[in-house]
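Here is a set of questions for someone who is learning to set a value against its definition. Please look at the structure first, and then follow each answer step by step.

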Amino acid sequence: MKEHRLSPFQLAIRNLRRGITRTTGLVILATLLSAVVFGGSILTFCLQNGLKNMKERLGADIMVVPVENQSELEAILLKGEPSCFYFKKSLEEKVKNLKGVEKCTSQFFLTSLDAECCDARVQLIGFDPDTDFSVQPWIQKTYKERLSDGAVIIGSDIHLEQGKKLKLFDMEYDVAAKLDKTGTGLDQAVYATTDTIKKMYEAAYAKGQRFLEEADPDFYVSSILIRVEEGFDVKELVKSIRKELGGVQVVESQSMITGTAENMKQVALFLYLFSGLFLMTAIIALGLAFVLSANERKREFAILRTLGATRKKLAGIILWEAGLISLIGGIIGIVIAAMIVFPFHVYLGDKLGMPYVLPPLAQILGTGVVTLLVAVMIGPLAAVTAAIKISHAETYLIMREGN
Amino acid sequence: MLEIENLGKRYGRDENERWALKNVQLTVEAGEFISIIGRSGSGKSTLLNLIAGLLKPTIGEIYFQGNAILNLNDKDASQLRNTKIGYVMQGYGALDHLTVLENLCLPFWLFPRKGEPRKRAEQLLKQVGLLEYADTYPTKLSGGELKRVAIARALMNEPALLLADEPTGDLDESNTKNILALFRDIADQGTSVLMVTHEMDALSYGDKVYRMEAGQLIK
């Protein structure tokens, strides 16, 4: 015979093992609860992180694109859907001279061929290094030097590493750097100076890509980016641009961010409501299960009472069991949610069509710890009624019931 | 060792009022074996539960080893039950998810204290003829064996007072005799035994016999 003692914790373990069906059911409930809370929280943080990155990356207060191309611009920025559209470069000069414009630059868009360099078509963005204020500030976080001709910088979702060659329209370009993930469509873009993008254009043209025929980078641009002077009314400048240019779409960055933030709020609200409802349902279901279980085990508690268990100890046994169930379910739930959210985060981001990027590791770990604490507290909280009921039951009457 | 003064227990109020016990006086000396007989519902079990502190009386006082015990708080009353009183409840009070040995050690785990319960448990199992079942789960035991497990567990704390509620209720003649002889031995070793029973045969083993009728204890 083995020498051993049974602590309240070990007694609880024995009880849980005895009612394995009941225990499994309760653990599944706790697992679902924890998976919903953890998964929902991480999804929400991913969206918040994505929006924060998007705000940082846009840089410009106003973007001007050809009329009817606003949705394409948003598709490039949010979903990484490559697109080309152009208007005359001369418009940039007109905008520069408007009152309230602090900085003004333009970009030229191309798209790669299907599966030429990467898994799918990618957006090629050319910027003017002399006037650019939108792309270079965050490129410089990764790449301190001035981007040379023939070199490109790639987004985080392009599967190439720094120092490798990127093949576009039968020509190769040096990958000078790879940017950090933003969670936006810009993660699938390739950046180059306008001189390099002109070479790409010429190579594409030589390859017979006639869709670019009317858009020579010397005379055409895809978008004009404007930073408004501090204190100047953005809406006033928007009006001026519309009046001066005509036939263009003027997009306020803030309104685009606000629109995305509104969508994100709705998704987050849904996630919070779903988690909240699930939390309440789980507490009620767990509570009922614990009360039913306590009723079934009245005689067991009466025996313990005759042997000298205090009312507090009886309540403790139930709370220990509830805590253990919650702990086991909580851990399994977090692991399951992590196995869904992390490997499929790119897919989830695409499906949501919103900026989406994983939060820092510390925040993920913190969320895991908080979820586990919530899960561990929910079990005993749900079991309080059962614990009070059993600890206040009259032992004598229970014994009589049993007989 | 145990003195009960004017003990009464009332259930309900006004028209529904019913006295389960009324004006009970009883003195139990150390090593005395007292049997209480009576019909079902006469108040025998109520009396044992009042003594064990599992029920509060409406009136009266109980002195255990000279100390009034009815005003003890839950912790002190539980500790008294755990360390000085052995209680053999009606039916088979073993926990099915613990082995026989673990069932015996349970009182020690509820109020941890110095000493090694295993040796004592083995000694008692040997005494009741169940040592070979130490690592067996109660579901594998017969009714008589389960009853002996309950008695052995009640003796684990070397109680000053053993309360036994119908300890031979479901047993055959042979098991009944063995258990009554065991109680006699226990009493002879200095533990007071207070047993309530239907069995008239049991009366010959005790030092005193009382009859419980409609909540009143009659010698």
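Q: Among contacts in chain A between residues at least 6 apart in sequence, what percentage join residues at least 24 apart?
A: The share is 78%, where a contact means heavy atoms within 4.5 Å. This is a predicted model, in which local features need pLDDT of at least 70, side-chain atom pairs count only at pLDDT 80 or more, and totals for chains, interfaces and linings use all residues. Residues are numbered from 1 along each chain as its sequence is written, chains are lettered from A and ligands numbered from 1 in the order in which they are written, and side-chain values use heavy atoms, with hydrogens and water left out.

Q: Why is B:E166 called buried?
A: Buried means under 20% relative accessible area, exposed means over 50%, and partly exposed lies in between (1.4 Å probe, protein chains only). The relative accessible area of B:E166 is 10%, so B:E166 counts as buried. B:E166 is found in the loop between strand 7 (161–165) and helix 6 (173–188) of chain B, helices (H or I, at least four residues) and strands (E, at least two) being DSSP runs numbered from the N terminus.

Q: Why does B:N6 count as partly exposed?
A: The relative accessibility of B:N6 is 32%, and therefore B:N6 counts as partly exposed. B:N6 has its place in strand 1 (residues 2–11) of chain B, and its phi is near 50°, a positive value in a residue other than glycine.
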